[in-house]
Amino acid sequence: MEPLPTIGEFRYGGVVFWIDPTDNTHGLVCAIADQGSAIQWSNGSYIVTGATGIAIGTGAANTATIITAQGATETDYAAGLAKAYTGGGFNDWFLPSDDELKEIFLNGAAIEATATANGGAVFNTNYYWSSTEINFEQAETSKLTNNGSAAKGWGYNVRAVRAF
């Protein structure tokens, strides 16, 4: 039997940053490096997508909702870029929800140590996009030191996550 996952462990194609408290065999990992920087949240269209999930466990549905509203998976906007990622041989990556992104940064030091030890990179000092939409113009963002929101046309970082 495989040992239970631990926070900061390199497994399932990324670094474990959250373990489900109701079932410790499930959780979330983030990619070992960013998928892009200076990436817009939207594909250039300021529309309401309906991607309003905030909680842990809503990032995948948000990403699907964004892609449905914004068009086919493209690599020139955040959700499309996250979905197109195939790190570790997996193709089920997504843009994290606001709470998922905040959880990544709560475990930032452990993630960075594991990521760099496995050929990845530390976090950029600028903001990262979440998949959580505020309105037609803005979406939630976070970075190691604080949280915020920004216009969907601004260029920020993307780091994909996946569930296990």
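Biologist: What covers the buried residues of helix 4?
Modeller: Helix 4 runs over residues 108–117, and its buried residues are Gly108, Ile111, Glu112, Thr114 and Ala115. Buried means under 20% relative accessible area, exposed over 50%, and partly exposed in between (1.4 Å probe, protein chains only). Helices (H or I, at least four residues) and strands (E, at least two) are DSSP runs, numbered from the N terminus. The cover includes strand 1, strand 2, strand 3 (27–30) and helix 3 (98–106).

Biologist: What pLDDT do local features need?
Modeller: Residues are numbered from 1 along each chain as its sequence is written, and side-chain values use heavy atoms, with hydrogens and water left out. This is a predicted model: side-chain atom pairs count only at pLDDT 80 or more, totals for chains, interfaces and linings use all residues, and local features need pLDDT of at least 70.

Biologist: Which residue follows helix 4, and is its phi positive or negative?
Modeller: The residue after helix 4 is Gly119. Its phi is near 85°, which is positive.

Biologist: Which residues are in contact with Ile66?
Modeller: Contact means heavy atoms within 4.5 Å. Neighbours within four places in sequence are left aside. The partners of Ile66 are then Trp41, Thr49, Ala51, Tyr77, Ala79 and Ser131.

Biologist: Which backbone oxygen lies 3.2 Å from a polar side-chain atom of Ser131?
Modeller: Ser131 sits in strand 5 (residues 128–133). It counts as buried because its relative accessible area is 0%. Its contacts beyond four places in sequence include Asn62, Thr63, Ile66 and Pro96. The backbone oxygen in question belongs to Leu95.

Biologist: Why does Gly13 count as buried?
Modeller: Gly13 is in the loop between strand 1 (10–11) and strand 2 (14–19). Beyond four places in sequence, Gly13 touches Gly87, Gly88, Phe90 and Trp93. Gly13 counts as buried because its relative accessibility is 16%.

Biologist: What separates the C-alpha atoms of Gly13 and Ala31?
Modeller: Along the chain, the two are 18 residues apart.

Biologist: Which side chain makes a polar contact with that of Tyr12?
Modeller: Tyr12 is in the loop between strand 1 and strand 2, and it is partly exposed, at 21% relative accessible area. A polar contact is a pair of N or O atoms within 3.5 Å; within protein, one must be able to donate a hydrogen and the other to accept it, and residues adjacent in sequence count only if both atoms are side-chain atoms. At 2.9 Å, the partner of Tyr12 is Arg11.

Biologist: Which residues are linked in a network of salt bridges?
Modeller: A salt bridge is a side-chain nitrogen of Lys or Arg within 4 Å of a carboxyl oxygen of Asp or Glu. Arg11 meets Glu2 at 3.7 Å, N to O, and meets Glu9 at 3.1 Å. Arg11 is buried, at 10% relative accessibility, whereas Glu2 is exposed, at 52%. The network links Glu2, Glu9 and Arg11.

Biologist: How many residues apart in sequence are the parts tied by Glu133 and Lys152?
Modeller: Their side chains form a salt bridge of 2.4 Å, N to O. Both residues are buried. Glu133 is in strand 5 and Lys152 in the loop between strand 7 (147–151) and strand 8, so the parts tied together are apart in sequence by 19 residues.

Biologist: What accessible area do Tyr46, Val48 and Phe136 have together?
Modeller: Patches are made of residues with over 30% relative accessible area and no salt bridge: like charges are joined within 9 Å, nonpolar side chains (Val, Leu, Ile, Met, Phe, Trp, Tyr) within 5 Å. Areas come from the Shrake-Rupley method with a 1.4 Å probe, and for residues only the protein chains shown count as cover. Tyr46 is partly exposed, with 38% relative accessible area. The three form a nonpolar surface patch of about 310 Å².
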